[in-house]
Amino acid sequence: MPITIKGRENGPFMVPGPAECVCEDGEVQVREGTLVSLCRCGGSDNKPYCDGTHRRIEFQAPFVEVTVSETVSP
């Protein structure tokens, strides 16, 4: 099933949830809910999650939509 990731205009990437994040140290974080906001500006103190810093630093980026399809190797 394809997954669509949307980058809000001047805002975060929105990923369908719930989502699981495996951190560099191996810690697994689970985010509940129907959408998970991921930092796109690079300024969040809560990376990889958005903490709203994009508003304070006046981050600018266009709306973007990416669809990721699962492919099966032969």
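This is a short walk through one predicted protein model, from its overall build to a few residue pairs.

Residues are numbered from 1 along each chain as its sequence is written, and side-chain values use heavy atoms, with hydrogens and water left out. Since the model is predicted, local features need pLDDT of at least 70 and side-chain atom pairs count only at pLDDT 80 or more, while totals for chains, interfaces and linings use all residues.

So, the overall picture. The protein has one helix and six strands; helices (H or I, at least four residues) and strands (E, at least two) are DSSP runs, numbered from the N terminus. Reading from the N terminus, the order is β-β-β-β-β-α-β. Along the principal axes, the C-alpha atoms fill a box of roughly 45 × 30 × 20 Å. Of the 74 residues, 22% count as buried. By that I mean under 20% relative accessible area, with exposed being over 50% and partly exposed in between (1.4 Å probe, protein chains only). The accessible surface is about 5600 Å², and 52% of that belongs to carbon and sulfur atoms; these areas come from the Shrake-Rupley method with a 1.4 Å probe, and for residues only the protein chains shown count as cover.

Now the strands. β1 and β2 (residues 13-16) pair in the antiparallel sense over two bridges, and two strands pair here if DSSP finds at least two bridges between them. Within that pair, Lys 6 stands opposite Met 14 in β2. The hairpin of β1 and β2 has five residues between the strands, and there Asn 10 takes a positive phi near 60 degrees. β2 also pairs with β5 (residues 35-38), again antiparallel, over four bridges, and Val 15 stands opposite Val 36 in β5.

Keep Lys 6 in mind. Which residue does Lys 6 meet in a salt bridge? The partner is Glu 65, at 4.0 Å, N to O. The pair links distant parts of the chain, with Glu 65 in β6 (residues 64-68) and Lys 6 in β1 (residues 3-7), 59 residues apart. For the record, a salt bridge is a side-chain nitrogen of Lys or Arg within 4 Å of a carboxyl oxygen of Asp or Glu, and a search of the whole structure finds one.

Val 66 counts as partly exposed, at 39% relative accessibility.

Last stop, Phe 13 in β2. Phe 13 is partly exposed at 27% relative accessibility. Its C-alpha sits 10.0 Å from that of Val 66, 53 residues apart along the chain. Leaving aside neighbours within four places in sequence, the contacts of Phe 13 (heavy atoms within 4.5 Å) include Lys 6, Val 36 and Val 64. Across the protein, residues 24 or more positions apart account for 43% of the contacts with a separation of 6 or more.
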